[in-house]
Amino acid sequence: MSLQVQPGPPAKASHLVQAQDRDRALEQELPAVRTAATAWRNGLGALLAAVVGFGLIKGRSDISQLASPWNVVSGGLLLGSLVCGAVAAILLLRAAHGVPALQNLRSTRPGATWAHTEAVSSMHALRCGVWWFFGCVAGLVVAVAVTWYGPAATTAQLSVTVGNTPTCGDVVGLTNDVLTIKTSTGQTTVDLAQATTMRIVDSCETSAGP
Amino acid sequence: MAQEQPGASDDTASACESMPYHETTDRVFGQHAASTFVASEATDDTISLVGSCPRCLAGMEVVIPSVMFLANRTGRLRGFFKKDDKTPTAGKEQNVPMICLCPAPHPGRPQDRKGCGAYWNLTVKGQT
């Protein structure tokens, strides 16, 4: 499309103010976009740190403890979240700092038009980056929820401590206060009259502690 | 935002700098500018007008954007969920208020102003 330039209507003082405002806004546009993108980058980074920190507070942190296929679902969500986070980070950094590449001056002419085009591109990258970020957070939250509240891979086991010796495994039977437990090393009995603690655990490996 | 165009002679530059700042308009300004300014379309319906000021004759570039990020005037947050308003301007006629944007130090110019003070209107029409 070609553009034709013709004399316009007689100018008034309002046209002067309008043109001055437009020029001022254009001059501030790219630095304002960069500042806004930097602020969004910092704010969203802090939000992501808070979400990850909250995810580590309690609950399972190992998806291998989840029953199938929930472990696959959780793993897939975490992978999707990681991809979304990487895309969001690249877009937000592009919006805040520009593209780390040299420009060919045969095709790009630095100036007012370039500054406005760069501001529009940066704003587009910022908007897309924010959407990708929220996709990352949503994936992360759902993955943590599945990991926390998904069904366990194994049935609950019983840990009984007599003196300083804990015995952990699946309950086989109970006869005259004597508990029969199937441990990883074989079947054994525990006299409940001498037991000091008794608790149900998700897994004997994790309940053993350091 | 303006850029001085290359090729301007030293005489033109010194004549431009010696001209005092004065906010003024004249019907001739529009006619002169229409004959010297060349309009081209950049991305996103942004129009770039390159030519010389009809008063001080300094070369300059004027950008007419269709969309712009306005710092501190971003409106409500729901604007974030809206797509950019990119109403096509092809074939439309638009009035463009212009001011001189030359960076030459015109005597008497306030600090927050640019150019020599000349202002005028141009009409830009797209032809497919």
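## Chain B: order of elements

Helices and strands here are DSSP runs, helices of at least four residues and strands of at least two, numbered from the N terminus. On that basis, chain B of this predicted model reads α-α-β-β-β-β-β from the N terminus on. Its secondary structure therefore amounts to two helices and five strands under the DSSP assignment.

Chain B has 128 residues, and 40% of them are buried. Of the contacts in chain B with a separation of 6 or more, 64% are between residues 24 or more positions apart.

## The interface between chains A and B

The interface involves 57 residues of chain B and 41 residues of chain A. The size of an interface is often given as the accessible area lost when the parts come together. For chain B and chain A, the buried area is about 4,300 Å², with 62% of it on carbon and sulfur atoms. Between the two chains there are 14 residue pairs in polar contact, counting pairs with both residues at pLDDT 80 or more. On chain B, the elements α2 (27-36), β1 (38-41), β2, β3, β4 (93-99) and β5 (119-127) each contribute at least two residues to the side that touches chain A. The largest share comes from β5(B), with nine residues. By residue class, the side of chain B that touches chain A holds 29 nonpolar, 16 polar and twelve charged residues.

Strand β1 (residues 2-7) of chain A runs antiparallel to β5(B), and six bridges join the two. Within this pairing, A:Gln6 is opposite B:Thr123 of β5(B).

## Salt bridges between the chains

The structure holds six salt bridges over all chains, and two salt bridges are counted between chain B and chain A. In one salt bridge, the side chain of B:Lys114 meets that of A:Glu27, at 2.6 Å from N to O. This pair runs from the loop between β4 and β5 of chain B, where B:Lys114 lies, to helix α1 (residues 13-55) of chain A, which holds A:Glu27.

Both partners are partly exposed: B:Lys114 has a relative accessible area of 25%, and A:Glu27 has one of 40%. Partly exposed covers the range between under 20% for buried and over 50% for exposed, so A:Glu27, at 40%, falls in that middle class.

## Salt bridges within the chains

In chain A, A:Glu118 and A:Arg34 form a salt bridge with an N to O distance of 2.8 Å. The two residues are 84 residues apart, with A:Glu118 in helix α3 (residues 112-149) and A:Arg34 in helix α1 of chain A. Both count as buried because their relative accessible areas lie under 20%: A:Glu118 is at 11% and A:Arg34 at 18%.

In chain B, the closest N and O atoms of B:Arg113 and B:Glu23 are 2.4 Å apart in a salt bridge. B:Arg113 is in the loop between β4 and β5, and B:Glu23 is in the loop between α1 (10-18) and α2, so the pair ties together parts of chain B that are 90 residues apart in sequence. B:Arg113 is partly exposed at 25% relative accessibility, and B:Glu23 is partly exposed at 31%. Elsewhere, A:Asp23, A:Glu27 and B:Lys114 are joined into one network by salt bridges that share partners.

## A:His97 and its surroundings

A:His97 is located in helix α2 (residues 70-97) of chain A. Apart from neighbours within four places in sequence, A:His97 contacts A:Arg34 and A:Arg41. The side chains of A:His97 and A:Arg41 make a polar contact at 2.6 Å. A:Arg34 is the residue that also meets A:Glu118 in a salt bridge. Between A:His97 and A:Ala11 there are 86 residues of sequence separation and a C-alpha to C-alpha distance of 40 Å.

β4(A) and strand β5 (residues 186-191) of chain A pair in the antiparallel sense, with six bridges. The two strands form a hairpin with two residues between them. A:Ile181 has A:Thr188 in β5(A) as its bridge partner.

Most residues other than glycine have a negative phi. A:Asp177, in the loop between β3 (165-175) and β4 (178-183) of chain A, has a positive phi near 65°. B:Leu57 likewise has a positive phi, about 65°, and lies in the loop between β2 (47-52) and β3 (59-64) of chain B. With a relative accessible area of 45%, B:Leu57 is partly exposed.

Methods. Residues are numbered from 1 along each chain as its sequence is written. Chains are lettered from A and ligands numbered from 1 in the order in which they are written. This is a predicted model: local features need pLDDT of at least 70, side-chain atom pairs count only at pLDDT 80 or more; totals for chains, interfaces and linings use all residues. Side-chain values use heavy atoms; hydrogens and water are left out. Buried means under 20% relative accessible area, exposed over 50%, partly exposed in between (1.4 Å probe, protein chains only). Contact means heavy atoms within 4.5 Å. Buried area is the accessible area (1.4 Å probe) that two parts lose on being put together, summed over both. A salt bridge is a side-chain nitrogen of Lys or Arg within 4 Å of a carboxyl oxygen of Asp or Glu. A polar contact is a pair of N or O atoms within 3.5 Å; within protein, one must be able to donate a hydrogen and the other to accept it, and residues adjacent in sequence count only if both atoms are side-chain atoms. Ala, Val, Leu, Ile, Met, Phe, Trp, Tyr, Cys and Pro count as nonpolar, Asp, Glu, Lys and Arg as charged, and the others, Gly among them, as polar. Two strands pair if DSSP finds at least two bridges between them.
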